[in-house]
Amino acid sequence: MHQLFRLVLGQKDLSRAGDLFSLDDSEIEDSLTEALEQIKIISSSSDYQTNNNDQAVVEICITRITTAIRETESIEKHAKALVGLWDSCLEHNLRPFGKDEDTPHAKIASDIMSCILQNYNRPPVMALAIPIAVKFLHRGNKDLCRNMSNYLSLAAITKADLLADHTEVIVKSILQV
């Protein structure tokens with residue numbers, strides 16, 4: 001993993017997290033999967049929900065990682081780690097605390113969702129993502145569900161057979177809203 005990612009994630013150093021944006025995308029591209037795995041560990045810790053520093057570090061790192069993935073067009077290389085982090089969000093509360101106040105894991109899920117599902121035209125990525133995506137439809141977060149539905153409809157246009165096994169869950173989600 002790149003030295004700066006190691007420092008920021010290893011020490012949860014918010015003061016250095018912004019420095020990640022000064023690095024070239026190509027300079028950090030080989031570190032992204034390992035950084036995603038470290039984020040998964042941090043976000044799964046018992047105090048993550050209440051630790052504002054850790055949440056800020058994770059949010060900044062995810063933004064940097066998803067930007068680098070988009071700019072280097074390396075979604076296929078990092079899809080497994082992205083989907084793994086995304087899936088780990090399902091183990092946590094995703095229901096909003098109050099009006100328009102998402103939980104920390106809902107924020108992660110939203111950022112990861114857009115990075116992954118904007119690649120709806122890449123079947124290998126969708127094959128990994130769709131089984132996880134449909135699980136978010138019944139987690140009590142209307143914004144996530146609405147956005148997920150939009151992305152799934154795009155995926156259906158491109159590769160409908162990937163959604164065939166999940167038709168019942170998708171229909172139930174539509175009827176529930």
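Trp 86 and Phe 136 are both buried, where buried means under 20% relative accessible area, exposed over 50%, and partly exposed in between (1.4 Å probe, protein chains only). This is a predicted model, so keep in mind that local features need pLDDT of at least 70, side-chain atom pairs count only at pLDDT 80 or more, and totals for chains, interfaces and linings use all residues. Residues are numbered from 1 along each chain as its sequence is written, and side-chain values use heavy atoms, with hydrogens and water left out.

**The aromatic pair**

- A search of the whole structure turns up one aromatic pair; rings of Phe, Tyr and Trp (its six-membered ring) pair if their centres lie within 6.5 Å, and planes under 30 degrees apart count as stacked, over 60 as edge-to-face and the rest as tilted.
- That pair is Trp 86 with Phe 136, and it is stacked, at 5.1 Å centre to centre with 20° between the planes.
- The two partners sit 50 residues apart and link distant parts of the chain: Trp 86 is in helix H6, while Phe 136 is in the loop between helix H8 (123–133) and helix H9 (142–159).

**The whole protein**

- You'll find ten helices and zero strands here; helices (H or I, at least four residues) and strands (E, at least two) are DSSP runs, numbered from the N terminus.
- The protein has 177 residues and a radius of gyration of 16 Å, which agrees with the value near 16 Å for a compact globule; this radius is taken over C-alpha atoms, and the globule rule is 2.2 Å times the number of residues to the power 0.38.
- Its C-alpha atoms fill a box of roughly 45 × 35 × 20 Å along the principal axes.
- Of the 177 residues, 44% count as buried.
- Take the contacts (heavy atoms within 4.5 Å) between residues at least 6 apart in sequence: 72% of them join residues at least 24 apart.

**Helix H1 and its two sides**

- Helix H1 covers residues 3–11, and its buried residues are Leu 4, Phe 5, Val 8 and Leu 9.
- Seen down the axis, those buried residues fall within an arc of 110°, so they line one face of H1; the arc is that of the directions from the helix axis to the C-beta atoms.
- Over on the other side of H1, Gln 3, Gly 10 and Gln 11 are exposed.
- Helices H2 (14–17), H3 (25–28), H4 (32–43) and H5 (52–72) are among what covers the buried residues of H1.
- Just after H1 comes Lys 12, with a positive phi of about 50°.

- Arg 64 belongs to helix H5 and is buried, with a relative accessible area of 2%.
- The side chain of Arg 64 reaches the backbone oxygen of Leu 23 at 2.7 Å.
- Beyond its neighbours within four places in sequence, Arg 64 is in contact with several residues, including Phe 5, Leu 20 and Asp 24.
- His 78 lies in helix H6 (residues 75–89) and is buried at a relative accessible area of 1%.
- Not counting residues up to four places away in sequence, His 78 touches Glu 29, Leu 32, Thr 33, Leu 36 and Ile 69.
- Leu 94 sits in the loop between H6 and helix H7 (104–117), and its 1% relative accessibility makes it buried.
- Leaving aside neighbours within four places in sequence, Leu 94 is in contact with residues including Phe 136, Arg 139 and Leu 144.

Note on methods
A polar contact is a pair of N or O atoms within 3.5 Å; within protein, one must be able to donate a hydrogen and the other to accept it, and residues adjacent in sequence count only if both atoms are side-chain atoms.
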